[in-house]
Amino acid sequence: MMILISLAIIFTELSLMAFGGGFTILPEMQRQVVEVHQWMSAQEFSALFAMAQAAPGPNMMIVPLIGWHVAGWGGLLVSSVAKFGPSSIVTVLVMKAWKRFKDRPWRRIIQAGLVPVTVGLVAASGILIAEASATHWRLALVILLATVLGMNKRIHPLWILAGGALLGLLVA
């Protein structure tokens, strides 16, 4: 029962912190799950993240997977409701006010200021997953190559993912 309460508290907090998208909370999610509560290793977290990203659906499919890994079906349900419920309620309330103030200059200033914060948080998430996945220098090179290709070439991400997976199999 205490694990379910811990999951509810952690994912409710993360839900309310996920400003700019779900990827912005990955470093804190990983810290809580791996370092603070030691429910899994960094490699297990990275594997769950990869599985969640490969599945169709929202980009935060890792949340139910963590809940299930930690506490079975109850954990899946608790973590999902705690992560998606509070932020959905806040989003509905804020969007009503946001539309009402659409022509105000302060709104544009806030939006412009939040862009670099979001970019930084998403970059930190990417680095965290890369560090957990690069268990060998050759895998680090595969990650670096995939990142460079994704940022500089107009290649569909699925092709980069498939190529990275094949390279990873060959060099691991």
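What is the helix and strand content over residues 76–97, and how far apart are the end C-alpha atoms? In this predicted model, the chain over residues 76–97 is 100% helix and 0% strand, with the end C-alpha atoms separated by 32 Å. The segment is one of those that the unreviewed UniProt entry annotates as "transmembrane region"; the record lists residues 6–26, 47–70, 76–97, 109–129 and 135–152.

Helix α1 comprises residues 2–17, 16 residues in all, and reaches 23 Å from its first C-alpha to its last, close to the 22 Å expected at 1.5 Å a residue. Its buried residues are S6, L7, I10, F11, L14 and S15. These residues lie on the same side of α1, because they cover an arc of only 160° around the axis. The face turned away from the buried side of α1 carries the exposed residues M2 and L16. Cover for the buried residues of α1 comes from elements including α2 and α4 (62–100).

The largest nonpolar core has 23 residues. Within this core, the residues with the most contacts are F11, L26, M29, M40, F45, I62 and I66. Two or more residues are given to the core by each of α1, α2, α3 (42–54), α4 and α5 (105–133). Of the contributing elements, α4 gives the most, with 5 residues. When residues up to four places away in sequence are not counted, M29 touches F11, L14, F45, M60, I62, V63 and I66.

The structure holds 1 salt bridge. It is formed by E28 and R31, whose closest N and O atoms are 2.9 Å apart. E28 and R31 are 3 residues apart in helix α2 (residues 26–36), so about one helical turn separates them. Both partners of the pair are partly exposed: E28 has a relative accessibility of 22%, and R31 has a relative accessible area of 34%.

Helix α7 spans residues 157–171. With 15 residues, α7 reaches 21 Å from its first C-alpha to its last, close to the 21 Å expected at 1.5 Å a residue. I160, G164 and G168 are buried in α7. Viewed down the axis of α7, the buried residues fall within an arc of 70° and therefore line one face of the helix. On the face turned away from this buried side, α7 carries the exposed residues L158, W159, L166, L169 and L170. Among the elements covering the buried residues of α7 is α6 (137–152).

A162 also lies in helix α7. With a relative accessible area of 34%, A162 is partly exposed. A162 and F23 are 139 residues apart along the chain, and 21 Å separates their C-alpha atoms.

Terms used: Residues numbered from 1 in each chain as written. Predicted model: local features only at pLDDT ≥ 70, side-chain atom pairs only at ≥ 80, totals over all residues. Heavy atoms only, no water. Salt bridge = Lys/Arg side-chain N within 4 Å of Asp/Glu carboxyl O. Helix = DSSP H or I, 4+ residues; strand = E, 2+ residues; numbered from the N terminus. Buried < 20%, exposed > 50% of the residue type's maximum accessible area, 1.4 Å probe, protein only. Expected span 1.5 Å × (residues − 1). Arc of directions from axis to C-beta. Contact = heavy atoms within 4.5 Å. Core = buried A, V, L, I, M, F, W, Y, C linked by side-chain atoms within 4.5 Å. UniProt positions renumbered as here; feature names shortened; annotations may be inferred.
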